[in-house]
Amino acid sequence: MKNSTRARLSEAFDDLTGRPDASLQSSVIAGLHRRVSAAEPDVSPVARWLAVPIAIVLVVALAAGLVIWNKRSPLSVGTTTGAAPVSPLSVGTTTGEAPVHVSLNSDRFVFTTPAQMCGALLVADGTVSSYSHDQWNTADGTRPPGLVAVTLVQQGYTIVTPVKFSALTIDRDHRTKATSQYVVIGGTVGQDSWADNAFPRPSVGSRALMVFVPSHVPGGTFTQESLVVYDAFPIDTADMVTLRPQTIEQGQVSQTEAKVPLSEILKELAQCP
Amino acid sequence: MWVAENELLTEPEAPSLLRDAQAGDLKAFEILLEPLLDPAYRLAVVMLQDRTEAEDVLQEAAFRAWKSLQSFRRDRSSLKPWFLTIVANQCRQTRRTRWWSVLRGPMLVREPMEPEDTALERSDLARAIAKLGREDRVALHLYFGLDMPIDQVTRLLGVSPRGAKSRIHRTLKRLRLNLEGQEIQLP
């Protein structure tokens with residue numbers, strides 16, 4: 001009986017795949033010879049994946065370097081407005097308990113395909129109902145005393161804004177612990193401010209497909225109790241998700257818009273390994 | 001001519017082929033590769049549902065296999081699952097890339113296989129298989145289509161043995177439900 005099943009399925013797969021073209025074998029071998037003799041440099045997948053965290057580390061290192069540069073340069077100390085030089089990180093005052101202003105523009109990994117989203121901790125679509133008060137990501141929500149901006153960045157401190165959703169549909173869930181709050185990166189606490197243009201802040205009332213990652217706990221660990229909205233893709237009334245917005249530079253479309261039905265993304269997510 | 005998928009050289013000089021290939025003998029690698037191309041092509045078609053892309057994947061996988069052959073440390077019998085794993089990974093990579101190319105093009109979704117495909121018309125079972133989820137289809141193909149033992153299916157899918165068996169059972173069950181009147185026995 002088993003053999004009968006096997007035989008029928010085997011035949012069905014033969015029907016499905018068909019026989020490869022007779023020339024394919026010679027074509028593969030010829031292609032192999034061309035590639036080998038050309039000795040093309042090949043980037044291994046490991047190197048490719050390592051490039052992402054390395055890029056992030058470089059961004060942080062670059063940011064930290066610019067803080068120090070800003071601090072030492074007589075031309076830029078204390079300048080956070082006006083004709084200040086454009087830099088990934090600009091710091092106002094870095095001494096004592098004076099205000100801290102951090103502005104980051106990180107070049108980071110972005111989830112843009114369902115296949116990539118498969119690896120995220122949580123993917124969900126929902127509507128933002130409200131934001132709470134901004135707070136530092138510390139136990140009491142205040143800035144730890146005695147730290148300057150560069151140390152705050154290096155040690156993983158940041159200002160976050162808790163966000164609530166009126167409806168949240170879970171599309172992909174790898175969590176092992178319950179979530180107590182969702183946050184977006186950035187905000188203002190007292191005189192301190194923190195902005196990171198790479199992180200989204202969907203507006204109240206808007207619906208979005210969101211990718212969540214664990215929150216960074218100062219000191220080097222992560223927690224699933226507080227999840228960060230890492231990417232947010234707007235969903236319109238026709239259930240179309242904008243995965244990539246149109247951008248216009250100097251009157252020309254430099255990047256075309258990419259819209260995909262939410263149902264297609266969910267179908268892809270359902271097939272995650 | 002294509003060599004049968006389960007054909008493995010048994011001549012006395014066969015074991016040295018792997019050593020020669022690992023030492024940089026491209027001809028030896030070709031001889032090792034030839035019997036693997038048929039199952040590799042079939043796997044790629046099952047995963048991508050596109051014959052042209054499957055051929056492209058084969059080209060790339062052959063080159064990648066050559067490049068990483070020196071790190072292959074098992075015996076020759078493991079060559080087939082090893083190469084099929086490279087093909088499967090390349091298919092997954094192609095699918096990710098394809099998502100972007102699909103986004104750029106006017107069509108958002110590609111139809112799986114051509115509807116006028118005569119092979120599909122010949123077989124309701126093949127049609128039902130084509131509608132399965134990708135990973136379910138692949139699990140079934142590895143086990144029944146390529147006749148691979150469950151431990152190799154497990155390795156290739158990157159799941160536990162129990163997970164692989166359960167996926168095959170579940171898929172067979174689903175096929176039986178989808179195919180009215182066509183009874184399929186569970187393994």
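A disulfide is taken here as a pair of cysteine sulfur atoms within 2.5 Å. By this rule, the predicted model holds one disulfide over all chains. The bond joins Cys118(A) to Cys272(A), with the two sulfur atoms 1.9 Å apart. That distance meets the cut-off of 2.5 Å. The link is left-handed, with -80 degrees about the S-S bond. Cys118(A) sits in the loop between helix H4 (114-117) and strand S2 (122-131) of chain A. Cys272(A) lies in the segment after helix H6 (262-270) of chain A. The pair therefore ties together parts that are 154 residues apart in sequence. Both cysteines fall under the 20% limit for burial. Cys118(A) counts as buried because its relative accessibility is 13%. For Cys272(A) the value is 7%, so this residue also counts as buried.

Chain B has nine helices and zero strands. From the N terminus on, its elements run α-α-α-α-α-α-α-α-α. The chain has 187 residues, and 54% of them count as buried. Among contacts in chain B with a separation of 6 or more, 63% come from residues 24 or more positions apart. Cys91(B) counts as buried, because its relative accessibility is 0%.

Two packed helices are described by the angle between their axes and the distance between the axes. For helix H2 (residues 26-48) and helix H3 (residues 51-68) of chain B, the axes come within 9 Å. They cross at roughly 145 degrees. The crossing of H2(B) and H3(B) is right-handed. On the H2(B) side, the contact residues include Leu26(B), Phe29(B), Leu33(B), Leu37(B) and Tyr41(B). On the H3(B) side, they include Val57(B), Leu58(B), Ala62(B), Ala65(B) and Trp66(B). The contact of H2(B) with H3(B) involves 15 nonpolar residues, no polar ones and three charged ones. Arg51(B), Glu53(B) and Glu55(B) in H3(B) are among the residues that meet H2(B).

Helix H2 of chain B also carries Arg42(B). Its relative accessibility is 5%, so Arg42(B) counts as buried. Neighbours within four places in sequence are left aside in what follows. In chain A, Arg42(B) is in contact with Asp14(A), Thr17(A), Gly18(A) and Arg19(A). In chain B, Arg42(B) is in contact with His141(B) and Leu146(B).

Technical notes. Residues are numbered from 1 along each chain as its sequence is written. Chains are lettered from A and ligands numbered from 1 in the order in which they are written. This is a predicted model: local features need pLDDT of at least 70, side-chain atom pairs count only at pLDDT 80 or more; totals for chains, interfaces and linings use all residues. Side-chain values use heavy atoms; hydrogens and water are left out. Helices (H or I, at least four residues) and strands (E, at least two) are DSSP runs, numbered from the N terminus. Buried means under 20% relative accessible area, exposed over 50%, partly exposed in between (1.4 Å probe, protein chains only). Contact means heavy atoms within 4.5 Å. Axes are lines fitted to C-alpha atoms, for helices over the stretch in contact, and angles run from 0 to 180 degrees between N-to-C directions. A crossing is left-handed if the near helix is turned anticlockwise from the far one by less than a right angle, and right-handed if clockwise. Ala, Val, Leu, Ile, Met, Phe, Trp, Tyr, Cys and Pro count as nonpolar, Asp, Glu, Lys and Arg as charged, and the others, Gly among them, as polar.
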